[in-house]
Amino acid sequence: MTTPPGNHAALLARRARVLAPTYRLFYEQPLQIVRAEGVWMYDDSGRRYLDAYNNVPVVGHCHPQVVEALTRQARTLNTHTRYLAEQPLQLAEELLATLPRELDSVIFTCTGSEANDLAVRISKAVTGGSGFIVTEFAYHGATEVIAGMSPEDGRPLGPGVYTVAAPLGADGAAAFGERVGRCLERMQADGVRLAAMLVDTIFSSDGVVADPRGFLADAVRKVHEAGGLFIADEVQAGFGRLGEAMWGFARHGIVPDLVTMGKPMGNGHPVAAVVGRAGVFAAFAKGGSYFNTYGGNSVSCATALAVLQVIRDENLLENARRSGEHLMRGLRGLAQRHTAIREVRGAGLFIGVELGANAASGRSGAAETRRVVNGLCRRGVLVGSTGRDGNVLKIRSPLTLELQHADLLLEALDQTLQSPE
Ligand code: PMP
C-alpha cells in the first residue's frame, strides 16, 4: 500500500494503525518531506524549507561525497570487525587525530544511546563505583540504563543517579562546580561511590549553555578527586558544531576520560563511538570482550570517514564559526526590537533563543515558542524547541549554512515575532 503524495490524513491514519503510540511528529501541520539537499528540505508539494534544525546532516543533506563513499563501500563489502580491514582503522586514526593525544582508542557502536550505555559500563568497571551525576534536564539516550540518566520529560532516575542543575541565568559558572561538589557530598552521605559524571557539553536539552567558557573544569576536577570519570557526551556538540573546535569539551579546556559521539558522525547513517584512553579500556576488557555486530561495519566506517574528510576539505568549522557569529549578531539585533527574546545563547551553529511570556497576548514562554516554531515553519524555516520550560528556540543547521541562509532565517523570525498570530 502506498499513499499518493499530499494525502496527509491517510498517512496519519496509517501511522496510527501500524506505529506504536510512542512516536511524535513535528509541527501543527506535519510535513511530508520527500527529499533534501544541502541546507534545504523539500516537501511533497515541491516547497523547500531551510533546515535550521537538523544537526545530523552536519555536512549538508545527501552530500555527494558521503553518498558516493557509502554506496561504493556497500557495493564492495559490508562486514563486521572480526576480519582485518582498512575501514575501521582509517576511521579510528582520523578520529583520534581530531582528539587530545591522551585519548587514543576507539570502540564503535551504532547509536549515541549505545555509546553512552557502553561508557557507563566502562566507568563502573574501571572505578568500582555505581553512582552517576547528570544534569537535571539531560537527555543521553534510550536504553534502559541511559533512560534512567535522561530526566528530560520527567523520566524517573535510575538507581544511583543524581542530578545537578545546569548553569543557566545569573548563577552561571562558579555555581556549577559548587553544585557538583554538594552533589558529591550527598552521594558520600548516602554511601554511593561515584563512577562518572555524564554531561552533554552544549547542555542541549537543558536549554543550550555554552558560556562562560571553562565552567566545566572545576566540576571535572572535583569528579576526578572523588575517583570518578568524566564522560563528555558529544552526540550533539561534536563534529565542529560549536565552530571553533571539533569537540564541545575543548571550550572548557578539559580532557575527558571518555568521549561519546554519534548523530552527525555518519551524516544520517547510523554510526557512533566511544573514545578513551587505552588504559581505561584495558581495565574494562579484563571483564571480557565487547562485540557489536554493526558497530564498525565497513559501510558505516567508509561513510563516517567521508564525513570527516568533507568537514576538513570544506573548512566547515570556519564556516560554522562565521555563519554562527553572523546569526548570533542578527538574533541579538532582533532582541533589541522584540521584547519576546530574553536571551540568545550558544556557539557556532548551535544557538538557543530563550523567549519570555508575551504580555500583550497573555501567552506563556512555552506557548510563544510553539507559536514561533510553527510560524517559522509556515514561512519555510525549520527550527525546534528545547529547555526545561520549553521556551528556547533550538537552531542547529547543517554546518554548510551560508550568510544568505542565516539572513533568510532572521527575516522569517522577525516577521513571525511581529505577527499577531
Ligand atoms: N546524547 C545526546 C546529547 C543526544 O541528544 C542523543 C539523541 N538525541 C543521544 C545521546 C542518543 O543518541 P541516539 O538517538 O543516536 O541513540
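Here is a short tour, a helix stop and then some strands.

Before you click: this is a predicted model, where local features need pLDDT of at least 70, side-chain atom pairs count only at pLDDT 80 or more, and totals for chains, interfaces and linings use all residues. Residues are numbered from 1 along each chain as its sequence is written, and side-chain values use heavy atoms, with hydrogens and water left out.

Select Ala10 to begin. You'll land in helix α1, residues 8-18 (helices are DSSP runs of H or I with at least four residues, strands are runs of E with at least two, both numbered from the N terminus). Ala10 counts as partly exposed because its relative accessibility is 26%; buried is under 20% relative accessible area, exposed over 50%, and partly exposed in between, with a 1.4 Å probe and protein chains only.

Next, pick residues 350-355, which make up strand β12; six of its six residues are buried. Turn on side chains. Phe350, Gly352 and Glu354 point one way from β12, while Ile351, Val353 and Leu355 point the other way. In a regular strand, side chains alternate between the two faces of the sheet.

Who are the neighbours? Look for Ala347 opposite Phe350. β11 and β12 form a hairpin with two residues between them, and Gly348 in the turn has a positive phi of about 55°.

Last stop: strand β15 (residues 392-395), antiparallel to β12 over four bridges. Find Lys394 there, opposite Gly352.

Technical notes
Pairing = 2+ DSSP bridges.
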